Each structure stands twice: as structure tokens, then as C-alpha cells.
Amino acid sequence: MRKYIIKQILMIIPTLLIVSIVAFGMIRMLPADAVETYMLANHLEMTDENIAMVEEKFGLHEPVVTQYFSWVSAVLHLDFGESYTSNQEVADMLWKAFKATAQLAGAAMLWIVVLTPVLGIFSAKKPNGWMDGFTRMFCLMGTAIPTFVLGFFMIRLFGVQLKILPVSGKESWMNYIMPSFALSLAHISSFVQMLRNEMLENKKGAFTLYANARGIKEGVVFRTHILKNSMLPVVNTVGISIGRLIAGTVVIENVFSWPGLGQLITKAILARDYPVIQAYILLIAIVFICANLIADLLSAWVDPRIRLGEKG
Amino acid sequence: MKKKIPFRIYIVSAFLLLVLIVMAFAPQLITHDPTAVDLLNKYDPSSLTYPFGTDDYGRCVFCRCLLAIRNSVGIAVSIETVTVLIGTILGMLAAYIGGVFDQIVNVVSEALLSFPSVILIMMIVAFLGASTENIILAMLMVNWIWYTRISRSLTLTLKERKYVQAAKLCGASSATILLRHIAPGLMSQMVVQFTMSLGSVILGLAGFSFLGIGIQRPTPELGIMISDGCGLIRTNFMVLFWPSLILFLIVLSFQILGDWVSERLRGRA
């Protein structure tokens with residue numbers, strides 16, 4: 001197990017190196033000049049003097065390799081520079097936004113972990129019964145409804161007409177209900193479908209037939225033989241979906257004006273705020289690498305076949 | 001064994017046919033200029049002249065929806081078609097030629113796959129700047145990966161088939177083998193993939209437009225209309241409701257159709 005973990009962690013280094021070069025190179029190869037963008041954002045006049053000043057400020061007069069290394073060493077000290085538009089420290093902005101997004105994603109994960117098994121068991125207990133029909137309808141709707149449409153319909157119903165849930169802000173736990181549910185719905189739908197198929201597959205398995213032949217109670221067979229085996233691939237996919245969950249926050253945060261990474265990056269793209277975009281690429285790459293690592297470890301933990309190194 | 005076509009497929013097909021007609025004849029169907037501002041007619045309720053009412057500029061929501069369907073679905077379908085072509089051809093070539101070319105295609109697609117496509121597309125748009133051309137370019141640059149992988153793995157097995165080997169022995173050129181013996185074998189899988197992902201491409205495009213980094217105003221587009229309407233959610237919900245409902249129904253129809261097509265194909269194989 002330890003060997004496995006160390007190998008996975010060592011694999012991160014080349015990936016991070018490539019991402020850092022891409023993030024750095026992006027600013028260098030911009031179609032729009034970084035100096036120009038900064039001057040426009042700060043209402044500076046285009047004089048030679050000002051251009052030299054800005055170049056000096058960002059260290060643009062040095063050779064590229066030197067710039068890359070000084071940039072990397074700054075990044076390692078968590079110094080991403082200042083935002084072009086708000087003159088705030090990028091690291092501070094990003095950290096605040098990241099916390100908000102992580103909280104939202106965590107709340108969505110809670111919905112997923114609670115609702116997936118419930119709906120999955122609902123539908124697999126009696127295939128083609130009315131509960132199965134309901135769950136399948138729910139899943140079909142869940143994958144087809146755009147998250148922003150769902151978000152607005154929920155705001156209209158619960159926030160404006162029934163007035164039982166707050167529509168924006170993040171002060172109390174009530175604020176989490178709508179955005180996190182809207183974020184999790186598409187994921188829940190795909191996981192439930194997966195769990196249902198797995199369970200129906202396992203129901204036909206030889207071990208289930210044997211357990212039934214031994215006269216074990218139906219409930220016990222369902223729990224220990226069918227449910228447990230069906231959870232394996234689902235746990236695997238839930239781990240992988242952490243990254244997709246964070247990607248999904250981009251739209252939801254804009255619907256519910258959630259002060260997270262998604263809103264930050266959308267504003268940054270529209271304002272061409274390159275230091276923010278650059279730092280975001282690095283951060284998101286690290287988040288995905290960690291999420292993939294967690295997913296790998298999670299599946300190794302639940303599935304002894306991987307943990308004990310059965311190499312196919 | 002011939003299976004009966006389920007009832008829902010008839011409904012879905014009828015709806016998609018309607019969408020197709022709207023796309024083809026949108027300019028003839030509209031009764032008002034969709035960009036004409038008429039501030040005296042703000043927030044008209046539904047009526048015979050304005051079936052879906054009017055928005056905050058007094059523009060006819062119905063006419064704007066018709067044109068938006070044409071743009072949203074039309075652009076998404078074009079993107080998807082080009083993506084399938086690029087992806088399939090690239091995958092075929094990678095598998096057929098093999099060697100270094102195959103390795104490069106493989107490494108690049110592996111690297112891109114470790115990030116969600118939404119983030120990749122956003123990063124490309126961040127780099128190029130937000131505009132209609134750039135979102136199309138970005139979606140093309142990211143979406144080919146899946147098709148390449150599928151067509152590559154299919155070609156790898158098709159390449160070993162007896163009839164392909166026989167054609168090779170007869171001295172057929174590589175182009176002939178690829179076009180006449182391998183491409184037809186890929187066709188059905190690609191059609192299924194195409195139908196299945198159409199819904200999500202339409203959804204993705206509308207999502208980016210909603211965020212302001214996709215198709216740009218004043219082109220009427222469903223995502224843009226939803227984004228314009230969201231400020232009216234308390235007062236004039238209907239302006240937001242119609243484009244949302246239409247988008248939902250279109251994506252849902254493609255989803256149902258795609259599921260059915262893939263089920264049929266799996267049943268046959």
C-alpha cells in the first residue's frame with residue numbers, strides 16, 4: 001500500500017512542471033499585451049516612461065528563463081502578484097474564493113452521499129415498479145436540466161413565491177440548500193443509474209443465487225451480497241467526480257452569486273485579469289491532481305484487488 | 001427480431017422535427033423584429049401578437065426564442081459535426097499509422113482528459129478572449145478527444161480483420177483501405193456517439209453563453225436570453241421561463257433519443 005501511495009505522489013511532479021510552464025507561457029504568448037491590459041485597467045497613459053515603469057514592475061525586461069524561475073520562486077512563496085483590476089493580492093482573493101467553493105462542493109457531496117444509495121436501493125429493490133419508474137424519471141430529468149435553469153426555477157419557487165429559502169449570500173446553512181442541490185443533481189442522476197445497473201447485475205450473480213439457496217434472509221443477502229458489491233464502482237466514480245463537481249460550480253456560483261472560484265474566474269476572463277487566471281490554472285491543476293489521487297487511494301482502500309497489487 | 005418503437009420516441013421525434021422546421025424557417029416565422037426596442041410595450045403579457053409576451057426592452061420574446069433556437073442548436077450541431085469528423089479521422093490515422101504519431105495523439109489526449117472539459121474550454125477562452133469564434137474554436141479543440149479514442153480503439157480491431165488483411169494483400173492503397181474498409185465499420189458507433197452527445201454540446205454552449213464567455217450579444221441565443229432574463233426573476237418570470245423551458249426540452253429530447261439509439265445498437269451487437 002505504501003509503495004502504491006509513494007508511486008502515485010511521485011507521478012505528480014512532472015504534471016505540475018508542465019502545468020506551471022503552460023500557466024507561465026500563457027502570459028508570455030498573449031494575443032493582448034499584458035502591459036497594455038494593465039495600463040488600460042489602471043487608466044495610465046501610453047507613454048514610453050509608463051511602459052518602462054510597468055515592465056519594470058512585472059520584471060518583463062529580464063530574459064524569459066530568469067522570469068520563469070523568479071515567477072516559480074514567487075509562486076512557491078504563495079505570491080501570485082496583484083490583480084490588474086482590483087489591485088488586491090491574488091493569493092488572498094483566490095484563497096477566499098477557494099474556501100467558498102470548497103464549502104459548496106462539500107455540501108453537494110453530502111447530497112450525493114445521502115441520496116444516491118437511497119434512490120439506488122429504491123429502484124433496484126423492485127425493478128419496473130412505481131418507485132423504479134419515479135427514480136428513472138428523476139434521473140432522466142436530472143441529466144437533462146441545465147444547472148442554471150434548475151437554479152433559477154428553484155429560486156423562483158422557493159425564494160420568490162414560497163419565500164422559505166434565501167436566494168443569495170452564504171451566511172447560514174439555509175443558503176447552502178439550493179445551490180448545493182442544484183450542483184449535485186446531475187451527479188446524483190448518473191450515480192443512481194450506475195448503482196441500479198450494478199445491483200441488477202449482481203442480483204443475477206452466482207453468489208446471490210448461492211446465498212439464496214442457503215436460505216439466508218432476503219434482506220441480509222441484499223445488504224451483504226448485492227449492495228456491498230455494487231457500491232465499489234460507485235465509490236470509485238464518486239472520487240473521480242470531485243474534479244467535475246468543482247468545474248460545475250462555475251455556473252452555479254454565477255446563478256446564486258456565490259463568492260467562489262467560479263465567479264472569480266468568469267469575471268477575470270471577461271476583464272482579462274491575467275494574474276488571476278494564471279493563479280487559477282495552477283490552483284485548479286493542483287486541486288484536480290489531489291482529487292484524482294484521493295480517488296485512486298479511495299478505490300485502493302475499498303477494493304482489495306487493487307490494494308494488494310493484482311496487476312491484471 | 002424487430003422491436004417496437006416506444007411511444008416516447010414518436011413524441012421526441014415530432015418535437016425535434018418541429019425544432020428543425022423552426023431552425024429552417026425562423027426568419028419567415030417571426031412576426032416582429034427581434035432586436036427592435038419598443039419601450040412603450042415593456043413587459044406585455046402573453047397575447048395573440050406577442051405569444052410569449054415582451055421583455056424589458058419591449059422585444060418580442062417569442063420571436064427571439066425562435067431565432068435563439070436556430071442559433072443555439074445550429075451552432076452546436078455544426079460544432080459537433082466538425083468534432084466528429086476531426087476526431088474520427090485522427091483516431092483512424094493514429095491507429096492505422098501507429099508509431100510516433102499514435103504515441104503523440106495518445107499522450108495529448110491522456111493529458112487533456114485529466115481535466116474536465118469545461119475547465120479546459122474556459123482556459124482556452126481565457127487565453128484567446130471571449131468571442132463567438134473563440135468559443136467555437138475552444139469547443140472544437142477539446143471535444144475531439146472522445147471521438148479520437150473511440151475511433152482509434154475500433155480501428156485497432158478492424159485493422160486485424162480478414163477482409164482488411166485481404167485488401168492489403170491485393171495491393172490496395174492505404175487511402176482505399178481506410179475509406180472503403182475501415183470507415184464504414186466505424187460509422188454506426190460514431191452515429192450513436194454523435195446523437196448521445198448532441199444534448200450535452202447544446203447544453204455546454206448555452207452554459208458558456210450564459211456566463212458571457214460564449215456566443216456574444218446581440219445574437220439571440222438561449223443561454224444569453226436566460227442570462228438577460230435572470231434580473232427579472234422576481235418581477236417578470238415569464239421572460240426567463242420560456243427560453244429555459246425550450247432549452248430544457250431540446251436537451252431532454254436529444255437525451256431520450258440518444259439513449260434509445262445506443263440501446264438499440266447494444267441490443268443488436
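Arg272(A) is buried, because 23 other C-beta atoms lie within 10 Å. Buried means 20 or more such neighbours within 10 Å, exposed means 12 or fewer, and partly exposed lies in between, with C-beta atoms placed from the backbone. This is a predicted model: local features need pLDDT of at least 70, side-chain atom pairs count only at pLDDT 80 or more, and totals for chains, interfaces and linings use all residues. Residues are numbered from 1 along each chain as its sequence is written, while chains are lettered from A and ligands numbered from 1 in the order in which they are written.

Arg272(A) sits in the loop between H12 and helix H13 (274–302) of chain A. Ser257(A) belongs to the loop between helix H11 (218–255) and helix H12 (261–271) of chain A. Ser257(A) counts as partly exposed, because it has 13 C-beta neighbours inside 10 Å. Helices here are DSSP runs (H or I, at least four residues), as are strands (E, at least two), numbered from the N terminus.

Positive phi values in residues other than glycine:

| Residue | Phi |
|---|---|
| Ser257(A) | near 35° |
| Arg272(A) | near 50° |

Chain A has 14 helices and zero strands. Its radius of gyration, 25 Å, is well over the 20 Å of the globule rule for 312 residues, so chain A is more spread out than a compact globule. The radius is taken over C-alpha atoms, and the rule is 2.2 Å times the number of residues to the power 0.38. Of the 312 residues of chain A, 33% count as buried.

In chain B, the peptide bond from Arg217(B) to Pro218(B) is cis, with omega near 5°. Pro218(B) lies in the loop between H7 and helix H8 (222–229) of chain B.
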